[in-house]
Amino acid sequence: MADTSKQYNDVIEMCRSLFINKMKDYGSAWRILRLPSLTDQIFIKAQRIRGLQQNKEQRVDEGQVSEFIGIINYSIMALVQLELGVVEQPDLTLEQATQAYDEKVAITKQLMLDKNHDYGEAWRDMRVSSLTDLILQKLLRVKQIEDNQGKTLVSEGIDANYQDMINYAVFALIHLKAA
């Protein structure tokens, strides 16, 4: 499992680096996005990945890797929005946003380590296409919870679904890097 932890860190570092560079370009403009908008951004990326996996022809010169990175970063932004709420104007410095990013990653990685222990690294035997389908399923669940004004009767909440999407996308990137 030490290998998984290192691989996870490597993927997150790549995503974090892009997040920081985009913060330098755009600031925290993403802080105005409501959760359904972030969910829709993630949905678009997951749908594109599925399309890339199914279609023979690709017309845009960006592959699955950049889309999985987007899923991770938008999901982390969504977790931050869940905690801090939506604002009318960008309000986080690069340092504040990076700290919030790192906090959400630490919690999500611990969840992965706990589940990975219990499931025996079953994800290693999964296909990237299955991980994509699981992300899409989680997105449909989040959309339903959003339509229910965040209420669930017996199911885990929106945050757990975003965390699972992050972890599935990290697993997909680990698989793609090994291919």
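Predicted model: local features only at pLDDT ≥ 70, side-chain atom pairs only at ≥ 80, totals over all residues.
Local features were considered only at pLDDT of at least 70 and side-chain atom pairs only at pLDDT 80 or more, whereas totals for chains, interfaces and linings use all residues. Residues are numbered from 1 along each chain as its sequence is written, and side-chain values use heavy atoms, with hydrogens and water left out.

Helix 5 comprises 20 residues, 128-147 (helices are DSSP runs of H or I with at least four residues, numbered from the N terminus). From first to last C-alpha the helix reaches 29 Å, close to the 28 Å expected (1.5 Å times one less than the number of residues). Just after helix 5, Gln-149 adopts a positive phi of about 55 degrees.

Buried positions (under 20% relative accessible area, 1.4 Å probe, protein chains only) in helix 5 include Val-128, Leu-131, Ile-135, Lys-138 and Glu-146. The buried residues of the helix pack against helix 2 (35-54), helix 3 (64-84) and helix 6 (158-178). Thr-132, also in helix 5, has a relative accessible area of 1% and is therefore buried. Excluding residues up to four places away in sequence, Thr-132 touches Ala-46, Ile-49, Arg-50, Gln-53 and Phe-68 (contact denotes heavy atoms within 4.5 Å).

Helix 3 and helix 5 pack at an angle of about 35 degrees, with axes 13 Å apart (axes are lines fitted to C-alpha atoms over the stretch in contact, and angles run from 0 to 180 degrees between N-to-C directions). At this contact, Gln-64, Phe-68 and Ile-71 of helix 3 meet Val-128, Thr-132 and Ile-135 of helix 5. The contact residues divide into four nonpolar, two polar and no charged (Ala, Val, Leu, Ile, Met, Phe, Trp, Tyr, Cys and Pro count as nonpolar, Asp, Glu, Lys and Arg as charged, and the others, Gly among them, as polar).

Methods
Helix = DSSP H or I, 4+ residues; strand = E, 2+ residues; numbered from the N terminus. Buried < 20%, exposed > 50% of the residue type's maximum accessible area, 1.4 Å probe, protein only.
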